Amino acid sequence: MDEGFQINGIRIDATFAEAFDMKATRLVVTAEDHYWVSAAAAAMTGFGTSVIGCGIEIAVERELAPAHTPDGRPGVAILAFTVSGKDMEKQISRRAGQCILTCPTTALYAGIEETDPKSDKRIPLGKSLRYFGDGHQISKMIRGRRYWRIPVMDGEFVCDHEVPRIDGIGGGNFIMLGNSTRAVSTACRAAVDAIRPLQGSITPFPGGATRSGSKVGSKYPALSASTNDAFCPTLRTCATSSELMRDESVGMEIVIDGLSDEAIATAMRAGIEAACHADTEGGLLRITAGNYGGKLGRHHFHLAEILK
């Protein structure tokens, strides 16, 4: 195995993360105060860790101060990624209706700038939610943008007519390997904390990381993905493809979706550097990345190039 190079004594493999094209959008949720913003965002992004089982990967991108929201109230920006445009319409429409419209004091806005000429790739918001108003809804054009006002029990729910859909990238990643759960968990948290403030990317798994990294395919035909046995310590002696070194007994992976190659590369760099400088007491041993030999996606993030 190529030894790669080291950061703060942590081995960095000479390998790359393999990512693939996705559909993406950004939504802005606002509310009267942070309590309702957080409640709405938690509901909207729930069960959104992986397209494998959830149909969407969705998470809070960042918090927004009142000065940076359309209505001058506290808010959050949410990024969403799907495999197809059809999946995006289905997931966003349902989540907007059940998670934002229902939450007291909220409003929902498009978070993607319009292109010139205007793109025909649109995701309906008020366009579909307006019918809840049962004929009492009204719309208004403001500077070329159509908003809907839907009467609800605390006043009106205000939302954009639709939000643009753009191209995104899913599957940026890096895998942290060590000799103790505490050390790798500490590195994980440091990495997620470093990525969280960055714009244009999300880490959709719980707490920003996953211990169930997957490979493409399975011995069971119905499954499109299965456990990444190359990094499972209990399979070290029986998996012919094990990539674990002698002292490595724990692995955790951070998966990153982004609006551009630059956004993913920036997040990977920040996360890996933070992990390598976290107080793991020598327990974090190596950082590598998941790829399929270039057969899955056209976006390749080589660790040596990202970290040079």
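Me: In this predicted model, what distance does α2 reach from its first C-alpha to its last?
Reply: Helix α2 comprises 16 residues. At 1.5 Å a residue, the expected reach is 22 Å, and the model comes close to that value. From the first C-alpha of α2 to the last, the reach is 21 Å.

Me: At roughly what angle do the axes of α1 and α2 cross?
Reply: Helix α1 covers residues 34–45 and helix α2 residues 85–100. Their axes come within 9 Å, and the crossing is right-handed. The crossing angle is roughly 145 degrees.

Me: How do the residues of the contact of α1 with α2 divide into nonpolar, polar and charged?
Reply: On the α1 side the contact is made by A40, A43, M44 and T45. On the α2 side it is made by I92, R95, A96, C99 and I100. The residues of this contact divide into seven nonpolar, one polar and one charged.

Me: With which residues is A96 in contact, leaving aside its neighbours within four places in sequence?
Reply: A96 lies in helix α2 and is buried, with a relative accessible area of 1%. Its C-alpha is 7.2 Å from that of L125, a residue 29 places away in sequence. With neighbours within four places left aside, the contacts of A96 are M44, L101, L108 and L129.

Me: Is V28 buried or exposed?
Reply: V28 is found in strand β3. Residues up to four places away not counted, V28 touches L64, P70, V76, A107, L108, Y109, A110 and G111. Its relative accessibility is 8%, so V28 counts as buried.

Me: How many residues apart in sequence are the parts that the salt bridge of D21 and R298 ties together?
Reply: The side chains of D21 and R298 meet in a salt bridge at 2.8 Å, N to O. D21 belongs to strand β3, whereas R298 belongs to the loop between β17 and β18, so the pair ties together parts of the chain that are 277 residues apart in sequence.

Me: What is the relative accessibility of D160, which forms a salt bridge with R145?
Reply: The closest N and O atoms of D160 and R145 are 2.7 Å apart. The pair links strand β10, which holds D160, to strand β9, which holds R145. R145 counts as partly exposed at 30%, whereas D160 counts as buried, its relative accessibility being 2%.

Me: How many salt bridges are there?
Reply: Another pair is D193 with R196, whose closest N and O atoms are 2.8 Å apart. D13, E248 and R286 are linked in a network of salt bridges. The count comes to 13 salt bridges.

Me: Which elements are included in what covers the buried residues of α4?
Reply: Helix α4 has 15 residues and reaches 21 Å from first to last C-alpha. Its buried residues are A183, V184, S185, A187, C188, A191, V192 and I195. The cover of these residues includes β12, β13, β16, α5 and β17.

Me: Which residues of α5 are buried?
Reply: Helix α5 has 16 residues, and its reach of 22 Å is close to the 22 Å expected. The buried residues of α5 are A263, I264, A265, A267, M268, G271, I272, A274, A275 and C276.

Me: What is the phi of D134?
Reply: Most residues other than glycine have a negative phi. F47, in the loop between α1 and β4, is not a glycine and has a positive phi of about 50 degrees. D134 is found in the loop between α3 and β8 and counts as exposed at 64% relative accessibility. The phi of D134 is likewise positive, near 55 degrees.

Technical notes. Residues are numbered from 1 along each chain as its sequence is written. This is a predicted model: local features need pLDDT of at least 70, side-chain atom pairs count only at pLDDT 80 or more; totals for chains, interfaces and linings use all residues. Side-chain values use heavy atoms; hydrogens and water are left out. Helices (H or I, at least four residues) and strands (E, at least two) are DSSP runs, numbered from the N terminus. The expected span of a helix is 1.5 Å times one less than its number of residues. Buried means under 20% relative accessible area, exposed over 50%, partly exposed in between (1.4 Å probe, protein chains only). Contact means heavy atoms within 4.5 Å. A salt bridge is a side-chain nitrogen of Lys or Arg within 4 Å of a carboxyl oxygen of Asp or Glu. Axes are lines fitted to C-alpha atoms, for helices over the stretch in contact, and angles run from 0 to 180 degrees between N-to-C directions. A crossing is left-handed if the near helix is turned anticlockwise from the far one by less than a right angle, and right-handed if clockwise. Ala, Val, Leu, Ile, Met, Phe, Trp, Tyr, Cys and Pro count as nonpolar, Asp, Glu, Lys and Arg as charged, and the others, Gly among them, as polar.
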